[in-house]
There are 2 protein chains.
Amino acid sequence: MKVRQLTFRLLQVYADVVRTGSITATANRLHLTQPTVSQQLKRLREIVGEPIVRQVEGRVVPTEVGQALYQLSQDLLSRTDVFSQYLDEYNRGGRGHFSIGLVNTAQYVLPRLLGPFSQANPQVDVTVEIGNRQQMLNRFERHEDDLYVFSHPPSEANVMAAPFLSNPLVVVGPENSRWANVKDLTMESLKDERFLLREPGSATRHTFDAWLYSAGIELRATQQIASNEAIRLAVASGMGLAVLSRHVVADSPKGVQELPLQGFPLKSRWHFVVRRERRLPPAAYRFLSFVQAWLALEFNEPEGELAVAELLRTLDTERR
Amino acid sequence: MKVRQLTFRLLQVYADVVRTGSITATANRLHLTQPTVSQQLKRLREIVGEPIVRQVEGRVVPTEVGQALYQLSQDLLSRTDVFSQYLDEYNRGGRGHFSIGLVNTAQYVLPRLLGPFSQANPQVDVTVEIGNRQQMLNRFERHEDDLYVFSHPPSEANVMAAPFLSNPLVVVGPENSRWANVKDLTMESLKDERFLLREPGSATRHTFDAWLYSAGIELRATQQIASNEAIRLAVASGMGLAVLSRHVVADSPKGVQELPLQGFPLKSRWHFVVRRERRLPPAAYRFLSFVQAWLALEFNEPEGELAVAELLRTLDTERR
DNA sequence: TATAGTCATAGAGGATTATCTATGGTGTAA
DNA sequence: TTACACCATAGATAATCCTCTATGACTATA
């Protein structure tokens with residue numbers, strides 16, 4: 001058999017001829033003329049190298065080989081159909097895979113979005129990558145993920161960012177800290193306190209450093225700890241103060257409390273970041289849509305909802 | 001997905017690209033140029049409507065959709081391959097089906113050919129139709145079978161017949177018949193005996209009738225019985241004499257014996273009969289080849305072997 | 001035995017495909 | 001950085017395919 005020349009079209013036509021038992025009927029059903037169908041059959045016979053139909057009492061009936069061919073056709077066509085359905089589902093975003101890269105702090109919030117999404121879309125497989133800002137930037141450079149969450153989006157051309165959720169940075173101290181009820185508390189008063197800081201690659205650290213710099217303040221004592229969670233525990237045990245995302249504290253606030261420092265909370269927002277040139281997997285698109293709806297319902301973040309909507313609109317116009 | 005335009009060739013090329021991870025390598029393996037393969041991929045992508053490969057560190061790797069497509073390709077190609085193998089086997093005659101129509105007497109001999117053949121070709125499915133001459137002629141007219149065995153082939157144009165086995169018709173009487181040892185026994189002596197005859201549609205009857213007519217003899221008493229077996233039993237129980245194929249008697253000779261009548265045995269031969277315009281199934285062809293060999297080995301019928309060889313040769317030249 | 005329906009074949013057009021050579025871009029590795 | 005390997009694109013050509021109309025052959029039914 002000359003497999004190379006075999007076409008799915010031929011199989012489709014052939015299968016219909018076998019079903020209807022008539023060349024003319026198939027021609028009508030498929031909006032072709034009768035000679036066209038005849039010729040398709042002829043070509044298929046040449047490909048197979050063997051007669052596949054013959055006429056019996058005015059009906060077109062498959063030969064023995066033809067029957068085997070018919071079964072093959074049905075088999076192949078239905079499998080192709082399954083794939084086609086998979087494709088549709090994939091394009092609808094209800095199936096498939098995407099990966100999302102998170103900066104550390106975002107891991108305290110994103111599960112609240114990813115959880116419901118996965119529940120609603122069990123066929124979607126999400127890979128979550130977590131690291132500090134610098135690590136995520138590296139992944140971003142290498143195009144390793146489909147979607148990123150940054151506090152400060154990399155300022156590159158062809159990058160789109162949607163600030164979807166506020167990420168207030170607050171100063172925290174241990175429970176019953178002596179600064180807790182001080183009025184008009186300023187950084188000046190705290191500069192002799194020991195501050196527990198994230199490592200330099202971290203976004204939280206970066207933001208705080210920038211603020212300190214612009215305020216012209218230099219800290220006396222600092223200690224570097226690479227995990228928000230470790231910092232929270234250290235603060236609780238009285239090792240010092242720290243600047244953390246309010247979400248980190250809100251998540252399990254035991255042993256620490258927010259201090260009412262002037263100028264705080266520092267405002268920052270998490271951004272969804274995507275590359276313009278990279279085609280976003282439909283599942284990721286669907287996730288963004290999901291987030292948009294969820295923001296309004298659960299997070300009361302109308303601005304974020306708008307930003308995501310805008311992002312989706314841009315993605316829409318870019319992919320066709 | 002545009003299934004209509006999908007080709008097996010495209011899938012073959014694509015599958016090879018995925019396996020090798022290189023367009024150039026595939027081009028070499030398939031004896032194509034690199035741009036050709038590139039374009040095939042492009043076309044396949046257009047058919048699928050989705051990117052199917054991308055480049056990662058110099059290698060061509062399938063996307064998520066591409067992986068699903070690869071699996072599909074493997075699946076479809078291997079199934080097609082199975083069909084292709086079936087086709088080969090079918091053409092070799094080692095697989096498939098044919099039907100053979102036998103006149104009654106032949107059923108005493110043909111099992112000795114069909115049995116070994118089926119044993120040697122377990123994948124071949126044979127339908128055996130049995131009837132008297134007239135019934136077989138009807139089937140023959142309607143093209144109902146692939147192959148026939150007649151004593152007297154229908155004299156039609158486009159019919160080929162190969163006399164493959166002698167079918168001597170003998171006169172039989174009961175064991176210890178008083179005619180058994182008579183010298184120079186003639187029909188004249190027997191014309192008062194009762195003869196048990198097959199029905200008029202039967203070939204045996206027809207041959208005997210013709211012989212009687214040419215010999216100018218008319219029988220006194222006859223009785224018609226539609227089965228060779230029943231006739232044999234009736235003869236054994238002394239109801240009369242009969243003309244039967246020697247094969248019928250040889251098969252289980254109890255209670256009857258051949259009478260040494262002058263002019264007997266009447267010579268006749270069984271013929272394989274096929275229509276010229278009908279393409280013989282390869283399995284039937286293989287059966288004829290088998291018979292040819294078997295005739296020499298087991299039946300000592302060199303003439304038959306030659307006739308079958310001649311038939312096969314003609315069939316060979318007619319089908320290409 | 002007409003007649004209507006069904007299929008095969010011939011001929012022709014335009015569209016699509018398969019394949020090539022030549023060339024340019026891009027990323028990898030020395 | 002340079003060189004090389006690899007892939008994409010453009011342009012061209014011959015083959016093939018798809019589809020049509022026209023027509024002839026066969027078959028079953030009225």
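Which side chains meet in a salt bridge at 2.6 Å, N to O, with one partner in chain A and the other in chain B? The side chains are those of Arg279(A) and Glu50(B). The legends below describe a predicted model, in which local features need pLDDT of at least 70, side-chain atom pairs count only at pLDDT 80 or more, and totals for chains, interfaces and linings use all residues. Residues are numbered from 1 along each chain as its sequence is written, chains are lettered from A and ligands numbered from 1 in the order in which they are written, and side-chain values use heavy atoms, with hydrogens and water left out.

**View 1. Residues around DNA strand D.** Sugar or phosphate accounts for 65% of the atoms of DNA strand D within 4 Å of the protein, and bases for the rest. By class, this surface has five nonpolar, 10 polar and three charged residues; Ala, Val, Leu, Ile, Met, Phe, Trp, Tyr, Cys and Pro count as nonpolar, Asp, Glu, Lys and Arg as charged, and the others, Gly among them, as polar.

**View 2. Atoms of chain B beside DNA strand D.** An N or O atom in the side chain of Thr24(B) is 2.5 Å from a phosphate oxygen, and a polar side-chain atom of Gln34(B) lies 2.8 Å from a base nitrogen. The elements that give two or more residues to the surface near DNA strand D are α3 (34-48) of chain A together with α2 (23-29) and α3 (34-48) of chain B. Helices (H or I, at least four residues) and strands (E, at least two) are DSSP runs, numbered from the N terminus. The most is given by α3(A), with five residues.

**View 3. The contact between chain A and chain B.** Each chain is represented in the contact (heavy atoms within 4.5 Å), with 30 residues from chain B and 30 residues from chain A. The chains bury about 3000 Å² between them, 62% of it on carbon and sulfur atoms; buried area is the accessible area (1.4 Å probe) that two parts lose on being put together, summed over both. In chain B, Phe8(B), Glu64(B) and Phe83(B) lose the most area to chain A, together 21% of what that side buries.

View 4. The side chains of Arg79(B) and Asp75(A) meet in a salt bridge at 2.8 Å, N to O. This pair crosses between chains, from helix α4 of chain B to helix α4 (residues 64-92) of chain A.

**View 5. A salt bridge within chain A.** The side chains of Arg139(A) and Glu129(A) meet in a salt bridge at 3.6 Å, N to O. Arg139(A) lies in helix α6 (residues 133-141) and Glu129(A) in strand β4 (residues 124-131), so the pair ties together parts that are 10 residues apart in sequence. Arg139(A) counts as buried at 18% relative accessibility, whereas Glu129(A), at 25%, counts as partly exposed. Buried means under 20% relative accessible area, exposed over 50%, and partly exposed in between (1.4 Å probe, protein chains only).

Key. A residue is near a molecule or strand if one of its heavy atoms lies within 4 Å of it. A polar contact is a pair of N or O atoms within 3.5 Å; within protein, one must be able to donate a hydrogen and the other to accept it, and residues adjacent in sequence count only if both atoms are side-chain atoms. A salt bridge is a side-chain nitrogen of Lys or Arg within 4 Å of a carboxyl oxygen of Asp or Glu.
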